[in-house]
Structures are given as structure tokens and as C-alpha cells.
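Me: I have a structure to read and would like a guided tour. Please take one feature at a time, with the idea before the case.

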Amino acid sequence: MRFFLFVAESVRRHLAALGFRTLEEAVGRVDRLAPAVPESAKAQALDLRPLLAEPPVTSARFCTGFIPRDDASHLDHGLIADGLPDPPARVQLKRTIRNVDRAVGARLSGEIVRRHGRRGLPEDRLVVEFQGAAGQSFGAFLAPGVTFRLAGETNDGLGKGLSGGRIAVFPPPGSLLAPEEQVITGNAALYGATRGEVFLAGRAGERFAVRNSGARAVVEGVGQHGCEYMTGGVVVVLGPTGPNFAAGMSGGVAYVLDEAGDFAARCNTSGLELQPLGDGDEWVVKTLITQHFRHTQSPLGHRLLDQWGRVRSLIVKVIPVEYRRALELQRSGDLKEAS
């Protein structure tokens, strides 16, 4: 309490120096601001006048109310109406998506669980082909039996809380860019996912598969903190990673294609082991890359499968030490006795 009293006193001193009695009086008073530009040619070339533009006298200087939220046009309403017939039947739909379409699939998944329980629908019972740029949380909490295929890109939070569905994202037809060099989804993809599959023909942003506890994913590169706090599932990274990979990872397995030979320096190896592929690992990774190519037509996936004899030796297995020990005890039948 004493700290915040000092903060409040400091704020009042700053306001008084500017000639204001309250924060409300200071809001919007751009006439009291002056740019402090560093002495460099690049900084001096910046035109900051748009940031200091005076608002019209007739308009409010700050938010005076709440914008009413109208979700009547949310894409999930149409997906529920067209994609969940009674009696259930296999359905394929096509939709255009924009970056203002957020959390597409969450309401749909809730309705599936309400009607059919946590087991959801049979595999691929509902397949939706999207085209465009998806907003935040595309495929959030996606239920079993639903497949989302997107020709385009997504914002942050793809597959957040994924609960058994499948998501595939790939470049639109006619794209001239190399997918494995482009970021196709934003930050925190697969945050808290519990099961399901994600295949991304492109790279992801920061914190990919954070707190993933059961989903399987293939991606062609990730930013910083990939697989952070992961507790289960399988992640295959077919490209570069940022630093601090697998920090706090306590379960699950990650496989990273280390063509540059520098992955060990980018991985937070505390409590982890870096291993070459074993026979069982090779089957898992090759199967996932094959599925990745089937769902996304990834050129990189195709090349890696064609060169598998060379590629397999470049893949590093990342596994927590205690998780490995638990798996070994489980296989030997001693896990119950050890616990």
C-alpha cells in the first residue's frame, strides 16, 4: 500500500508539472508532447507528426463507452448449421476467412461436445476448407472429428487448447515463396493443447507448443522458447529454432532437424537429453513427416522423405531425463512398484 501511495504521489507531481490536476485532463493533450529523437540520420528521417495530430474538437479524446459486441456473423454459426446435420453425416465445407474472424472452431467444438460428448465425432466427419488470413485462436479447442484446412496464414494462438481435432495450414495456390522460409502462424500456437494434430507448411512464431500435453505437430521452424513447459505429445521441427528451446520441458518428445549443427547451443538442456534417432523414433518421425506432406503438400516434407537416408542422421531427439526414466519403468512393468 505504501508503495502505491508513493507511485500516486509521483504521478501527481508529473501531472502538476504539465499543468494538469487529473489524468482525465491529460488524456489526448498531444500539445504537451515533444519528440525526443536520437541523433542519427535514420531517426531524424522519421516523421512523427501523425502521432502528435490533434483530434477534432467534436470527438472524444478517450474511450467514453463500450463498443457493443455482435457475434451474430461469427463463422461458427454457419459451421454449426451446415456441418452438424442430424443424423450425423460426413460433411465438407468451404469458407473464406479474415483476420477479424477470431477463435473460429471454439463455439463449434463446444456444440459438438454438448451433442456427442468428449469423444466428439468420428475422424474427418467434418472437414472445412478455409482460404484467407485467420484471426487469433484459429482452431481453438478443436474437437475430435473436425479437420480445419487453411490455404493462407494465421495469427497468434493457433490450436490453443486443441482437444482432438486436426489443423493443416499451407500457402495458397500460386504462392511463389518458399514455404519453409516464411512464417505461416503467429505466437503461442498449440498453447495448452491436450490432443489432436497440427501440420504447418511454414514456420511458427515464439513459444510454439507451450504447455502442450498431448498433441502431435509438425512445423518447419520455430522462434524462441519452442516447446516451453511441454508435458506430453510429440513435436517435429523441420527447420531452425530460436534460443531457449524446451525450457522447463518435463514430458513429451521433440525431434529437431539440425542441418546447421548448432541446435545444442539453442536448446535449454537443463533436465533434458539430446539423442540420435533410435529405430522406434525413426518410424514415428517418418510417419509424421509423411502425414505432414499428405495434409499440406509441403515441398520441404517431400524433399526430406526423398533424402531420408541422409536426413535421419541430422535429426536430434529431445527428451526430459525423468520422462525417459518413467517410460523405461513403464515398459519394464516397474512403474507401479516404483511409485
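Predicted model: local features only at pLDDT ≥ 70, side-chain atom pairs only at ≥ 80, totals over all residues.

Me: How many bridges join S6 to S7, and do the two run parallel or antiparallel?

Reply: S6 and S7 run parallel, and five bridges join them. On to S5 (residues 195–200) and S6 (residues 213–219): this pairing is also in the parallel sense, over three bridges. Here Phe199 has Val218 in S6 as its bridge partner.

Me: Over how many bridges do S2 and S3 pair?

Reply: S2 and S3 (residues 146–154) pair over nine bridges, in the parallel sense. Take Glu129 as an example: its bridge partner in S3 is Arg149.

Me: Now the core. Which residues touch the most other members of the largest nonpolar core?

Reply: They are Phe130, Phe138, Phe148, Phe208 and Phe245, in a core of 52 residues. Strand S2 (residues 126–134) gives the largest share of this core, four residues. Apart from it lies another core of 18 residues, including Val218, Val236, Leu300 and Leu304.

Me: What does Phe148 touch?

Reply: Leave out residues up to four places away in sequence. Its contacts then include Leu79, Val104, Leu108, Val128, Phe130 and Phe138. Arg166, Ile167 and Ala168 are also among the residues Phe148 touches.

Me: How is a pair of aromatic rings described?

Reply: By two values: the distance of the centres and the angle of the planes. A search of the whole structure finds five aromatic pairs. In one of them, Phe130 and Phe138, the ring centres are 5.3 Å apart and the planes stand at 85 degrees, so the pair is edge-to-face. Phe138 and Phe148 form a tilted pair, with 5.3 Å centre to centre and 35 degrees between the planes. That pair links distant parts of the chain: Phe138 is in the loop between S2 and S3, Phe148 is in strand S3, and they are 10 residues apart. Phe130, Phe138 and Phe148 form one aromatic cluster.

Me: Why does Phe130 count as buried?

Reply: The cut-off for buried is under 20% relative accessible area. Phe130 has 3% relative accessibility, so it counts as buried. Phe138 counts as buried too, at 1%.

Me: Is Ser73 buried or exposed?

Reply: Ser73 counts as exposed, because its relative accessibility is 63%. Its place is in the loop between H3 (41–44) and H4. Ser73 and Ala17 are 56 residues apart in sequence and, C-alpha to C-alpha, 49 Å apart in space.

Me: Is Thr241 buried or exposed?

Reply: Thr241 is buried, with a relative accessible area of 5%. It is found in the loop between S7 (231–237) and S8 (251–257). Beyond four places away in sequence, Thr241 touches Val222, Gly223, Val256, Phe263 and Arg266.

Me: Which residues of H7 are buried?

Reply: The general idea comes from the helix turn. An α-helix has 3.6 residues a turn, so residues three or four places apart point the same way. In H7 the buried residues are Asp281, Glu282, Val285, Leu288, Ile289, Gln291, His292, His295 and Thr296. H7 (residues 279–296) has 18 residues and reaches 26 Å from first C-alpha to last, close to the 26 Å expected. Just after H7, Gln297 takes a positive phi of about 55 degrees.

Notes:
Residues numbered from 1 in each chain as written. Heavy atoms only, no water. Expected span 1.5 Å × (residues − 1). Buried < 20%, exposed > 50% of the residue type's maximum accessible area, 1.4 Å probe, protein only. Core = buried A, V, L, I, M, F, W, Y, C linked by side-chain atoms within 4.5 Å. Contact = heavy atoms within 4.5 Å. Pairing = 2+ DSSP bridges. Phe/Tyr/Trp six-rings, centres within 6.5 Å; stacked < 30°, edge-to-face > 60°.
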